[in-house]
Amino acid sequence: MAASDGEYRCFVGGLAWVTDDSSLEHAFSAYGEIVESKIINDRETGRSRGFGFVTFREEKAMRDAIEGMNGQALDGRNITVNEAQNRLFGKPVFVMRLK
């Protein structure tokens with residue numbers, strides 16, 4: 001589902017510890033205009049939790065990024081890319097798709 005104000009967000013999982021906001025944005029920038037790229041860090045250690053989000057301005061860019069990047073290698077790790085789900089009660093909600 002689309003994020004608010006015409007922004008479209010991807011969940012990116014399986015990230016390497018060395019991947020940062022800038023390298024995440026660079027990897028996805030070929031698919032369209034990026035509003036934000038964000039690696040989620042542990043509050044106590046400051047270390048990456050191994051996942052993040054990339055927000056695109058257009059839905060087509062988000063869909064192209066999901067198709068193009070899901071299962072691809074980034075910084076030596078195969079990543080998972082899905083459409084991010086809306087938050088409920090302040091906590092992120094992820095829906096895994098079974099094949």
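The points below start with the ground rules and then turn to the residues.

1. This is a predicted model, in which local features need pLDDT of at least 70 and side-chain atom pairs count only at pLDDT 80 or more, while totals for chains, interfaces and linings use all residues. Numbering runs from 1 along each chain as its sequence is written, and side-chain values use heavy atoms, with hydrogens and water left out.

2. The structure has four salt bridges (a side-chain nitrogen of Lys or Arg within 4 Å of a carboxyl oxygen of Asp or Glu). One of them joins E33 and R57, at 3.6 Å from N to O. Since E33 sits in the loop between α1 (21–28) and β2 (34–41), and R57 in the loop between β3 and α2 (59–69), this pair ties together parts 24 residues apart in sequence.

3. R63 deserves a look: its side chain meets that of E59 in a salt bridge at 2.9 Å, and E83 pairs with R63 at 3.0 Å. The latter links distant parts of the chain, with E83 in strand β6 (residues 80–83) and R63 in helix α2, 20 residues apart. Together, E59, R63 and E83 are linked in a salt-bridge network.

4. R63, at 39%, is partly exposed.

5. S48, in strand β3 (residues 48–56), is buried at 9%. Its side chain reaches the backbone nitrogen of G50 at 2.9 Å.

Key
Helices (H or I, at least four residues) and strands (E, at least two) are DSSP runs, numbered from the N terminus. Buried means under 20% relative accessible area, exposed over 50%, partly exposed in between (1.4 Å probe, protein chains only). A polar contact is a pair of N or O atoms within 3.5 Å; within protein, one must be able to donate a hydrogen and the other to accept it, and residues adjacent in sequence count only if both atoms are side-chain atoms.
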